[in-house]
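Hi,

Here is the structure I promised to pass on. Have a look at it first, and my notes on the ligand and the pockets follow below.

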Amino acid sequence: MKLIVAIIQEKDEKKLSQAFLDNDIRATKLSSTGGFLRAGNVTYLIGIEEEKVEDVLDVIRISSQTRVQFVSSSGNLDIGMDLTSSMQVKVKVGGAIVFVLPVDSFYKF
Ligand code: 2BA
């Protein structure tokens, strides 16, 4: 068995949760926050048999989009003055960040 940890964007959550239901994939949804953008995202925990891992990855891949966001970043202008300006930095987010971990044991009591 494997544990898939998938961090996805909130905008993809509805589509992905429906895809999990349609494909009979059991998942637990956690609300999470990106450490860099400090924006909400969603983390799924999915316990799955090893031979079905690729199927789950396909479902996540199909449901997750890459998006571009702009974040403000402060920078100093080197023109001999104590002047600080705010710059917009382009950041490409996602589609999904996925970890596949081994599971030693699985119990359901
Ligand atoms: P955030 O940490 O909010 O990062 C959002 C996006 O900002 C990232 O997209 C990446 O393009 C950029 N970014 C992150 N850290 C950066 C840095 N130090 N310098 C420059 N740009 C940076 P993704 O890579 O698609 O990540 C989306 C979200 O997935 C992240 O949100 C974070 O919540 C999670 N994540 C990404 N990599 C991770 C990792 N190695 N471990 C745990 N969580 C991760």
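Let's start at the ligand: one of its oxygen atoms sits 3.0 Å from an N or O atom in the side chain of Asn41. On its own the ligand has 750 Å² of accessible area, and the protein covers 53% of that (Shrake-Rupley, 1.4 Å probe).

Before you go further, some housekeeping. This is a predicted model, so local features need pLDDT of at least 70 and side-chain atom pairs count only at pLDDT 80 or more, while totals for chains, interfaces and linings use all residues. Residues are numbered from 1 along each chain as its sequence is written, and side-chain values use heavy atoms, with hydrogens and water left out.

Besides Phe36, Leu37 and Asn41, the shell includes Ile7, Gly34, Gly35, Ile97 and Phe99. Strand E5 gives the largest share, 3 residues; E5 and strand E6 (97–102) are the elements that give two or more. Strands here are DSSP runs of E, at least two residues, numbered from the N terminus. By class, the shell has 7 nonpolar, 4 polar and 1 charged, with Gly counted as polar.

Now the pockets. A pocket here is an open set of points on a 1 Å grid over the protein atoms alone, where a 1.4 Å probe fits, with protein on both sides within 12 Å along at least five of seven lines; lining residues have an atom within 4 Å of a point. The volume is the space filled by probe spheres set on those points. Of its 20 lining residues, Gln9, Leu37, Asn41, Gln69 and Val93 are the closest to the centre. Leu37, Asn41 and Val93 also belong to the ligand shell. Strands E1 (2–9), E3 (40–48), E4 (67–76) and E5 (84–93) each give two or more residues to this lining, which divides into 9 nonpolar, 8 polar and 3 charged.

The second largest pocket holds about 280 Å³. Its lining has 14 residues, with Met1, Arg26, Gly47, Ile48 and Phe106 nearest the centre. E3 gives the largest share, 4 residues, and the classes are 7 nonpolar, 2 polar and 5 charged.

Cheers

Definitions and conventions
A residue is near a molecule or strand if one of its heavy atoms lies within 4 Å of it. A polar contact is a pair of N or O atoms within 3.5 Å; within protein, one must be able to donate a hydrogen and the other to accept it, and residues adjacent in sequence count only if both atoms are side-chain atoms.
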